[in-house]
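I wanted to look up how the parts of this protein chain hold on to each other. These are my notebook entries.

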Amino acid sequence: MVFPVSFGWIQMVLLVLGIAAIGLLVTAVLKARKVGWRVLVGRGMGAMGLVLVAVVILWITTLLQAFLGLTGEVKAAHIEAKPVAGQEHMLNVDLTLYGDKDHGDQHKTYQVEGDMWVLQANIVELEAWVNALGFNAGYKVTRLYGQRLDGIATKQNQIFLNGSDADFFQDMKDKTWYTRPFVRSANGNAVIAIAGSYDVFISRDAIKARPV
């Protein structure tokens, strides 16, 4: 499961302001022990001013990060799907799964029964306040399979990607981790499309494809 993290300049500013405010308060206490509490009041007012500025920036950042978390997307895969020559209801699916700093990209071609391809992912939707801290929705692309336009069920088994997802749904059944206060929902979600070239994106609660 991948949980993309966005840590930008706004978080850096907050961190610097917080360190500066704490530094002023500590310095004021140490100084007051030598020259009296009047120094503490003077230094303390400056520190409180910094704390107030930090709180205001934190509030604005929370709103901004929550908005970005709710509307942001991660490019998770690329698909090139073409009908197999001379075979009805068969697709060649060239799939690239994009990795992260800990996982490399994966590229492989599959033959899928159907006129449409289906890519499924496990998605963990986080609460808005967790998005505000810079954490985006968690996801793992797990299954590839096909569907026929005429509605007839295919005979091909689904193809597992990135290993089995049985533990994910078992955890969902047992309610062992997708509970408050961090996680809003956890579910499997799929995107379905006809042959063509697509970029696949993961949002906070869905997987979607856009033609390239």
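The entries below go from the whole chain down to single side chains.

**Entry 1: ground rules.** I am working on a predicted model, where local features need pLDDT of at least 70, side-chain atom pairs count only at pLDDT 80 or more, and totals for chains, interfaces and linings use all residues. Residues are numbered from 1 along each chain as its sequence is written, and side-chain values use heavy atoms, with hydrogens and water left out.

**Entry 2: the whole chain.** I looked up the elements and found four helices and nine strands. Helices (H or I, at least four residues) and strands (E, at least two) are DSSP runs, numbered from the N terminus. Their order from the N terminus is α-α-β-β-β-β-α-β-β-α-β-β-β.

I then looked up burial. The chain has 212 residues, and 37% of them count as buried. Buried means under 20% relative accessible area, exposed means over 50%, and partly exposed is in between (1.4 Å probe, protein chains only). The accessible surface comes to about 12,500 Å². Carbon and sulfur atoms hold 62% of that surface. These areas come from the Shrake-Rupley method with a 1.4 Å probe; for residues, only the protein chains shown count as cover.

Next I looked up contacts, meaning heavy atoms within 4.5 Å. Among contacts with a separation of 6 or more, 61% join residues 24 or more positions apart.

**Entry 3: around Glu125.** I started from Ser185, which is in strand β7 (residues 183-194). Which side chain does the side chain of Ser185 touch in a polar contact? The partner is the side chain of Glu125, at 2.7 Å. A polar contact is a pair of N or O atoms within 3.5 Å; within protein, one must be able to donate a hydrogen and the other to accept it, and residues adjacent in sequence count only if both atoms are side-chain atoms. Ser185 is buried at 19% relative accessible area. Glu125 is buried too, at 7%.

**Entry 4: salt bridges.** Side chains of opposite charge can pair when their charged atoms come close. A salt bridge here is a side-chain nitrogen of Lys or Arg within 4 Å of a carboxyl oxygen of Asp or Glu. How many does the whole structure hold? The search finds eight salt bridges.

One of them joins Arg204 to Glu125, with the closest N and O atoms 2.2 Å apart. Arg204 lies in the loop between β8 (196-202) and β9 (207-211) and Glu125 in strand β4 (residues 116-126), so the pair ties together parts 79 residues apart in sequence. Arg204 is partly exposed, at 22% relative accessibility.

Arg204 also forms a salt bridge with Asp205, the closest N and O atoms being 3.9 Å apart. Shared partners join Glu125, Arg184, Arg204 and Asp205 into one network. Asp205 is partly exposed at 33%.

I noted another salt bridge between Arg148 and Asp150, at 2.6 Å from N to O. Arg148 counts as buried at 18%, while Asp150 is partly exposed at 43%.

**Entry 5: rings.** Rings of Phe, Tyr and Trp (its six-membered ring) pair if their centres lie within 6.5 Å; planes under 30 degrees apart count as stacked, over 60 as edge-to-face and the rest as tilted. The count comes to two aromatic pairs.

Trp117 and Tyr198 have ring centres 5.4 Å apart and planes at 65°, so the pair is edge-to-face. Trp117 lies in strand β4 and Tyr198 in strand β8, so this pair ties together parts 81 residues apart in sequence. Trp117 is buried at 0%. Tyr198 is buried at 9%.

Phe168 and Phe169 also pair edge-to-face, with 5.2 Å between centres and 90° between planes. Is each of these exposed or buried? Phe168 is buried at 5%, and Phe169 is partly exposed at 29%.

**Entry 6: a charge over a ring.** The charged end of Arg210 sits over the ring of Phe201, 4.8 Å from its centre. The rule asks for NZ of Lys or CZ of Arg within 6 Å of the ring centre and within 35 degrees of the ring normal.
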